[in-house]
Every structure is written in C-alpha cells, then in structure tokens.
Amino acid sequence: MHISDRQVVRRRPRSVTHDLVFVRFPLPEAEQPPPGIEEATLRVLLQNRHHHKSANVTHDGSVSLKVYQLIEPYGRIFLDGQIVSLNHLGGNKWVELDVSRAVESWMEARHQNLGLEFGDTDDDANPALNIVTRVVQREKRSRQYKHYIQHPIRRPRQTDCQKNNQKCCRHRMEVAFKDVKGYEFIIQPKSFDAGFCRGKCPPKYNPAHHHALLQSLIWKQDKSKAPRPCCAPLKLVDLEVLHVDERDPTKLKVATWTDMRVLECACS
C-alpha cells in the first residue's frame, strides 16, 4: 500500500532553529479485523541543494533525520532516525524511516492518527507512506477425480525439497534486491523467495509431460539415444514490485514482473 495523499503543515517552534514538518496520512478503511503490518516506512526525498544551506547540517557535511509519532496531549514518540552524508550526494536521495509502530497503533485505533513529525526537509520532499501488510490467502483445493488417477502422468504437486532429498525438487533462493547490481531501485519487496529447481531425474520420476516420461524410458533403455530429463521449473508466478518511476524519480509506481517465482519443479 503506497499512500502519497497527505496533509502537510510546516512550523517553526520557538525551541528549535529549523523547521519541523507535521504530516498526516489518512489511512483507507481496513478490513475487519485490521491486517497485520509487515513493514511501514516514511519515504522522504532528501535534496542536496537544500541541506547544504540548512542549520541542521553537521560540521562533517551530514544531516540528521528523525521522525516522531504525534500523540495526545501535545506529545511525541521517537520512531526512527538516520544520519545521511551529503558529501557524495550529487542530486536527490530517497531516505526511508521505519514508522511501523505508529501505523500499527493507527490500524487498531484510527482516532489516534495525529500524524508524524520530521524535521528540516525541502518543500518538495514528497513524503510518502509505504505499508506492507500480512495477507493470509486460503488455498482452494480441488478434488482429485478419477481421470487424474487413470492418467499416466500424475498431476504436478508442490515440490518443496525435504531433508536429504536428492531427487528433483524446489530449493529456496532468498533474493534481496539491494544486493543485486542494477536492482537497487526496487522499494518493495525488500526480499523474496525466488526458488530454483535442482536434483536427479530417475526414470518415470515426476515427469512434466508425456514427452518427458517417454524420454526417461528411452534414456533408461539406451542412453545413447536420448539424454536424461532435467529438473526444471514447471510452474512460475508473477511478482508485484514497487519502484521509483524511471520518468520521474520523485514518484513511485507498481509493476508486475512475470514468471519471477518458482512454485513447482518437474523433470522435462
């Protein structure tokens, strides 16, 4: 959930020498009960041209960003902070601050949503709230009818690897986009299990189709006539990613990447 609609007020309290920004994000109505929060981050666009002139810049050329949850009466709770170096900041930089605790309390009691406070950012900092919720999906199971049992190729199944299994199965492959060169622009998901297929394919074992079954039997009879089938993905699903808009780096967009996660493996 990406929330860019907000109410922003800039004020300068007497006790500080730099501006504070009070921002409130009206949350959409949630299902009952409210979904669990996996992650909630406040994204702020840090602009070098502004902060070099700011009173909040330290002697070593870095800026300290802090975010607070506003509470009644006239109080605040520290949520997260970062120190960002400006020495090597050529243009703009998105900074993420963890505001999960605040969003969780707002989901439970929406009247407590008094907003967030963060200091000393540009007027076009474009604050945005990103919320990742835990959604429980119920898998629909269909009956196994007779024609499946009589079929020479059994219906493919979930093929996650079990301990010490040497045959073709699905292995976990955790991918963190920040560690993959060229994919640093991905905001969400931070990481996901892409999966991969590996293992032996003995004759008749989990064939992906009739041709794979036939090939395995020919290979068993005469290895010079055909290679043994290989363990490969049988079913893949899409992945939705939230990333910076390549046409406008101050905005975000959601894209669907096809065939990004392996669900099932088979011999083919």
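The link of Cys-168 and Cys-231 is right-handed, with 70 degrees about the S-S bond. This pair bridges distant parts of the chain, 63 residues apart: Cys-168 lies in the loop between helix H3 (146–150) and strand E10 (169–171), and Cys-231 in strand E15. Helices (H or I, at least four residues) and strands (E, at least two) are DSSP runs, numbered from the N terminus. The sulfur atoms of Cys-168 and Cys-231 are 2.1 Å apart, and a disulfide here is a pair of cysteine sulfur atoms within 2.5 Å. Both Cys-168 and Cys-231 are buried, where buried means under 20% relative accessible area, exposed over 50%, and partly exposed in between (1.4 Å probe, protein chains only).

The model is predicted, so local features need pLDDT of at least 70 and side-chain atom pairs count only at pLDDT 80 or more, while totals for chains, interfaces and linings use all residues. Residues are numbered from 1 along each chain as its sequence is written, and side-chain values use heavy atoms, with hydrogens and water left out.

The structure holds four disulfides. One of them joins Cys-161 to Cys-169, with an S to S distance of 1.9 Å; this link is right-handed, at 95 degrees about the S-S bond. Its two ends can be described separately: Cys-161 is partly exposed, with a relative accessible area of 24%, whereas Cys-169 counts as buried at 2%.

Cys-201 and Cys-267 form another disulfide, with their sulfur atoms 2.1 Å apart. The link of Cys-201 and Cys-267 is left-handed, with -90 degrees about the S-S bond. Here too distant parts of the chain are linked, 66 residues apart: Cys-201 sits in the loop between strand E14 (196–198) and helix H4 (210–221), and Cys-267 in strand E16. Both Cys-201 and Cys-267 are buried. With the bonded cysteines of the chain numbered in sequence order, the pairing reads 1-3, 2-6, 4-7, 5-8. Cys-230 is in no disulfide, and the nearest cysteine sulfur, that of Cys-201, is 6.8 Å away.

The strands that carry Cys-231 and Cys-267 also meet each other. E15 and E16 (residues 252–267) pair in the antiparallel sense over 12 bridges, and two strands count as paired if DSSP finds at least two bridges between them. Within this pairing, Leu-239 stands opposite Trp-257 in E16. E15 (residues 231–244) also pairs with strand E12 (residues 186–188), again in the antiparallel sense, over two bridges. There, Ile-186 stands opposite His-243 in E15.
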